[in-house]
Amino acid sequence: MIDDGTGLLTIGELARATGLSVRTIRYWSDEGALPPVTRSAGGYRLYDAGSAARLELIRTLRELGLGLHDVRRVLTGETTVARVAAAHVTALDAQIRSLRVTRAVLSTVARRGSNAEEMTLMNKLARLSTAERRRIIEDFMAEVFDGIDAADPDIRRRLRFAAADLPDDPTPEQVDAWVELAELIQDPEFRATMRRMIEFNAADRGPDVPSGSSLWFMSRLVRLAGQAVREGVAPDSARAAGVLRELIGDADPAVVLERLSAATNVRLARYRELSALVNGLEPPSSHEAEFGWVVAALRARTAG
């Protein structure tokens, strides 16, 4: 403190009192956040007790991540701490979302052992805007349903929900699932597989078949085949033939086998699993044992 009775502090004394470096205080002073109260006869900056309190506020605001522009606005009364804090929370939320995306992409790259080209693609997919992600989904839906008007409307609704967009605040797992899902629904081979399943569904529907019949058939299949699996019924046994008759009636086993094989594709199961993860839901059961039993029973009836 200058020994002249004024109680003023040099920049070095202010640094020692606050634990900040002279360089930091000088920088904040040069930027207008901490102007000196006056200058000594030799031109040195001098500060008072109010400057020390102001410096503590500046330090706190800077530690919370505010830029010097916002700090100056608070100090001059142009805005309040509460308003700046609210705006900063919004900015932090955006940064957190971006960091989650970055973490998810890097985790996926590490897990897959991806090269630079694959990493670039994944990063682009993860950082697409909401409108861009929706365009990918709409393009997928348009291609697999184009010209197929007789398909069960319930399937269209379920597929659209399954391909739902990322939430505003996704988890790393959801971002990871979205990247894989986006790659999948843009793959021409997968689109062809999905369209073939839709075509089979449309071919099986009559004009008076109610919406949701496809789901009803699958539920019935899981129930009947599940019971057969639990009771140890062999797929090629006479008892299995009775289960099939109850399930498909007089339908041609070869035709049903073709349709069911399309619907139980491994990549379709992965699509459903990824969709559940993106939507924040528990991945659905693939019912592999039940579908596998029915496929084996159908093959036993069509062999030879």
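Visitor: Two strands pair if DSSP finds at least two bridges between them. In what order do the 3 strands form the open sheet?

Guide: The order is S1-S3-S2, and the pairing is antiparallel. Strand S1 (9-10) and strand S2 (38-39) are the edge strands, each pairing on one side only. Strands here are DSSP runs of E, at least two residues long, and helices are runs of H or I, at least four long, numbered from the N terminus.

Visitor: Before we go on, what kind of model is this?

Guide: This is a predicted model, where local features need pLDDT of at least 70 and side-chain atom pairs count only at pLDDT 80 or more, while totals for chains, interfaces and linings use all residues. Residues are numbered from 1 along each chain as its sequence is written, and side-chain values use heavy atoms, with hydrogens and water left out.

Visitor: What does the pLDDT average for the protein?

Guide: The average is 81, and 85% of the residues score at least 70. pLDDT is the predictor's confidence in each residue, from 0 to 100.

Visitor: Which elements have the lowest and highest mean pLDDT?

Guide: Helix H8 (residues 153-162) is lowest at 66. Helix H2 (residues 22-30) is highest at 93.

Visitor: How many helices and strands are there?

Guide: The protein has 15 helices and 3 strands.

Visitor: Back to the sheet. Over how many bridges do S2 and S3 pair?

Guide: S2 and strand S3 (residues 45-47) pair over 2 bridges, in the antiparallel sense. Arg39 stands opposite Arg45 of S3.

Visitor: Why does Arg45 count as buried?

Guide: Because its relative accessible area is 15%. Buried means under 20%, exposed over 50%, and partly exposed in between, using a 1.4 Å probe and protein chains only.

Visitor: New topic: Gln174. Where does Gln174 lie?

Guide: In helix H9 (residues 172-185). Gln174 counts as buried because its relative accessibility is 10%. Its side chain reaches the backbone oxygen of Val278 at 3.0 Å. Gln174 is also in contact with Leu277, Asn279 and Gly280, among others.

Visitor: Val278 belongs to H14. What does H14 reach from its first C-alpha to its last?

Guide: Helix H14 (residues 266-278) has 13 residues and reaches 19 Å, close to the 18 Å expected. The expected span is 1.5 Å times one less than the number of residues. Buried residues in H14 include Leu268, Tyr271, Leu274 and Val278. Just after H14, Gly280 takes a positive phi of about 75 degrees.

Visitor: Which residues are buried in H15?

Guide: Glu290, Phe291, Trp293, Val294, Val295, Ala297 and Leu298. An α-helix has 3.6 residues a turn, so residues three or four places apart point the same way.

Visitor: What share of the protein's residues is buried?

Guide: Buried residues make up 38% of the 304.

How values were computed. Polar contact = N/O pair within 3.5 Å; in protein donor to acceptor, adjacent residues only side chain to side chain. Contact = heavy atoms within 4.5 Å.
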